[in-house]
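Here is a briefing on one protein model. It covers the fold, the core, the surface and the charged pairs.

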Amino acid sequence: MKRSSLLIAVALVLVAGAAQAASVGLGVFGGLSVPIVQPDQSSGSTFGVRVPIHVVPMIAVEPFYASTALGDKTVAVGPINVNRPGADVTTYGLNAMLSMGGPLRFYPFAGIGSAKYKIGDVLNHVTNYNVTSYQAGVGLGITPFPKVSVDLRGELQYASKPGFVRRNAGVTLGASYALFSTIL
């Protein structure tokens, strides 16, 4: 009897703790995306929307949408230099974070998504590549006001399918607002 009572008490404490930590927010971000080992692209801008959902005190999930415009690059094709247009990339997916609470947070995250690369050539022909995207990184967050969070993140993105591989590093600055929260 004592063992089952102890298990029930622990379960109630865990459920109560999870209920106190539930929150849903809406955030925006922007920053820089840098191609890694890709001689046909240069750095560009990235921006998007995140929906942080804290399900238990230390774990959050985050559906996101990101749009990236990589920069043009001049490449040598034989004796001729040609300007190759930068790719436009749209990515949506889901990140998972190990987030410690408090006004200052340091957190790792990893995620998976779907990325669409629109890559033009020198003759303005556009090729679309739909690929699975993996991302991982670390973030530093601060909560300057209740319900408002500001985050600085560093991230690596890897997207591939047979015959197509892209790697990007990114740095973003974002802000989010807790729309709904049961945190007491």
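**Briefing: strands, core and salt bridges**

Y177 lies in strand β11; helices (H or I, at least four residues) and strands (E, at least two) are DSSP runs, numbered from the N terminus. This is a predicted model, in which local features need pLDDT of at least 70, side-chain atom pairs count only at pLDDT 80 or more, and totals for chains, interfaces and linings use all residues. Residues are numbered from 1 along each chain as its sequence is written, and side-chain values use heavy atoms, with hydrogens and water left out.

**Overall make-up**

- The order from the N terminus is α-β-β-β-β-β-β-β-β-β-β-β.
- Of its 184 residues, 33% count as buried. Buried means under 20% relative accessible area, exposed over 50%, and partly exposed in between (1.4 Å probe, protein chains only).
- Contact means heavy atoms within 4.5 Å. Among contacts with a separation of 6 or more, 57% come from residues 24 or more positions apart.
- The protein exposes about 10700 Å², and carbon and sulfur atoms supply 71% of that area. Accessible areas come from the Shrake-Rupley method with a 1.4 Å probe; for residues, only the protein chains shown count as cover.

**Nonpolar core**

- The largest nonpolar core has nine residues: L70, A87, V89, A115, Y117, I119, V131, A159 and F164. Strand β8 (residues 104–120) gives the most to this core, with three residues.
- A nonpolar core is a set of buried Ala, Val, Leu, Ile, Met, Phe, Trp, Tyr and Cys residues joined through side-chain atoms within 4.5 Å.
- In soluble globular proteins, nonpolar side chains tend to be buried together.
- Leaving aside residues up to four places away in sequence, L70 touches S33, P35, Q41, S42, S43, G44, G86, A87 and N168.

**Nonpolar surface patch**

- V24, L26, V28, V49, Y65, Y92, Y177, L179 and F180 make a nonpolar surface patch of about 860 Å².
- Patches are made of residues with over 30% relative accessible area and no salt bridge; like charges are joined within 9 Å, nonpolar side chains (Val, Leu, Ile, Met, Phe, Trp, Tyr) within 5 Å.
- Strands β1 (23–35) and β11 (164–181) each supply at least two residues of the patch.
- Y177 counts as partly exposed because its relative accessibility is 43%.

- Strands β5 (residues 73–77) and β6 (residues 80–84) run antiparallel and are joined by five bridges. Two strands pair if DSSP finds at least two bridges between them.
- V75 has V82 as its bridge partner in β6.
- Two residues lie between the strands of this hairpin, and G78 in the turn has a positive phi of about 65°.

**Salt bridges**

- The whole structure holds five salt bridges. Each is a side-chain nitrogen of Lys or Arg within 4 Å of a carboxyl oxygen of Asp or Glu.
- D40 pairs with R166, with the closest N and O atoms 3.3 Å apart. This pair links distant parts of the chain: D40 is in the loop between β1 and β2 (42–50), R166 is in strand β11, and they are 126 residues apart.
- D40 is buried, at 12% relative accessible area. R166 is buried, also at 12%.
- A network of salt bridges links D40, R84 and R166.
- R153 and E62 form a salt bridge (2.8 Å, N to O). R153 is in strand β10 (residues 148–161) and E62 in strand β4, 91 residues apart. Both are buried.
- E62 also forms a salt bridge with R50 (3.9 Å, N to O).
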